[in-house]
Protein chains: 2
Amino acid sequence: MKLLTVVKIGGNIVDNPLALEQFLIKFNQIAEPKILIHGGGVMASEMARKMGIKTKMYKGRRITDYETLKMVTMIYAGWINKTIVANLQKFGCNAIGLSGADCDVVPATRRSPEPIDFGYVGDVDPAKINNLAIMSFLGRGICPVFCAITHDKNGSLLNTNADTMASSIAIAMSRDYCTKLIYCFEKDGVLYDQNNPESIIPLLTHKRFVELQDEGKIVEGMIPKLENAFSAIENGVSEVYVKHAKNLDNDIQTLLK
Amino acid sequence: MKLLTVVKIGGNIVDNPLALEQFLIKFNQIAEPKILIHGGGVMASEMARKMGIKTKMYKGRRITDYETLKMVTMIYAGWINKTIVANLQKFGCNAIGLSGADCDVVPATRRSPEPIDFGYVGDVDPAKINNLAIMSFLGRGICPVFCAITHDKNGSLLNTNADTMASSIAIAMSRDYCTKLIYCFEKDGVLYDQNNPESIIPLLTHKRFVELQDEGKIVEGMIPKLENAFSAIENGVSEVYVKHAKNLDNDIQTLLK
């Protein structure tokens, strides 16, 4: 089976041209076929403030009304996606920017409005991802760069969680590739002690993940991120890592098992 | 030689969901391979006002500073492009949204800052368009949907005139296809009398175009639009039409010869 590397980066890195360039140089050095998935939440919150769009949240999760959908599509599929593509082209990596609507690669289902209406939010089923279209790009040496905007196949764009988008694509590609999934974020790995950046857990099993939640060592945003990561392992992805974008080319990381 | 239809629409149609839907239904009925190119100037001007970005103009042409480039990329490559793609997918048309940076399909050269610095503005040479990449999409039944954002191959995105983008792509594709180029805009064709919407000129030669300029019958924005259109004919495009988007499926139009 051929190797495939799927890398997810946060939106914050795109706002820092130097960090983005350094990351993309390392990403471009991955020899085997590769896919990049990016977020963009930081820039979206800033933009919402500038445009006077009130960010509506429910228990820490963004509610995507029509104005918010418009804004996140502009930022994720427009500025961030094309900035990454233009930078990869500069380094000789033949990138193509994609939303889930393009070639219908990632169809999604609008989340039920009951009990809470999250608005234009799409949930992805890895079994419905058009992996043939993605393979056709990879087979021609093209590197797909995904934003986490999907569509409902009925004309509506949908906002999807970028971590879920990454795990869903990695799961879908695992049918045909030996797939490695790397979540890059702003820390060096999963930390045992949030106040000690050196307390990286080198190997994290699902059992230990549950224990650490019970102990209150893994909290808040880290929980859904790791749930996405473990779901990838349970569904065919060979290896999943959590690490800092700047360490893409070294072994400072947490390996999930 | 196989047929290819290249259609250019203005950005204004995207702001009108009903007009957009009606246009896309007709566009989807074009049986042969097809390409769509869209503008977005109207929405960009509105957004600039909302975000407090001052539109800088020189003799009627927009100066694209970095903030403006960011905004037009968000609107053109983000919201407008993906909205069109999602709508085409709804009608069963397998569309893919592209900027010039994606797969390096449309590289451009940043316009010289002398005598006037127009900022991040890209000029396109049809000979440098990657028509093999575009043909590879068409060959797989995929319909490319282009916004007029290009790149300089050195990491910078560039803002390109959408009419020029359309004529350049049509010229590039004429090497391999018998290409028809249709400019859709807000009138039924080239009018002899601006105040009489029924005074459509059915056939316009380049000689007559020059005469009508001298007579003051063709003025302002219509001049560069028609120069782009005539340049397409002079460079291999088989047929060029100017018409209203709502008339895509009938013969109310001006044919340029």
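Q: Why is strand E1 of chain B (residues 2–9) largely enclosed by the rest of the structure?
A: In this predicted model, local features need pLDDT of at least 70, side-chain atom pairs count only at pLDDT 80 or more, and totals for chains, interfaces and linings use all residues. Residues are numbered from 1 along each chain as its sequence is written, with chains lettered from A and ligands numbered from 1 in the order in which they are written. A strand here is a DSSP run of E with at least two residues, a helix one of H or I with at least four, numbered from the N terminus; buried means 20 or more other C-beta atoms within 10 Å of the residue's own, exposed 12 or fewer, partly exposed in between, with C-beta atoms placed from the backbone. E1(B) is largely enclosed because, of its 8 residues, the number buried is 6.

Q: Which strands of the open sheet in chain A stand at the edges?
A: The 8 strands follow the order E5-E8-E2-E1-E11-E13-E14-E12, with mixed pairing. Two of them have a single partner strand each, so one side of each lacks a neighbour in the sheet: E5 (95–98) and E12 (203–204) of chain A.

Q: In E2(A), which residue is the bridge partner of A:Val6?
A: Strands E1 (residues 2–9) and E2 (residues 34–38) of chain A pair in parallel over 5 bridges. In E2(A), the partner of A:Val6 is A:Ile35.

Key: Two strands pair if DSSP finds at least two bridges between them.
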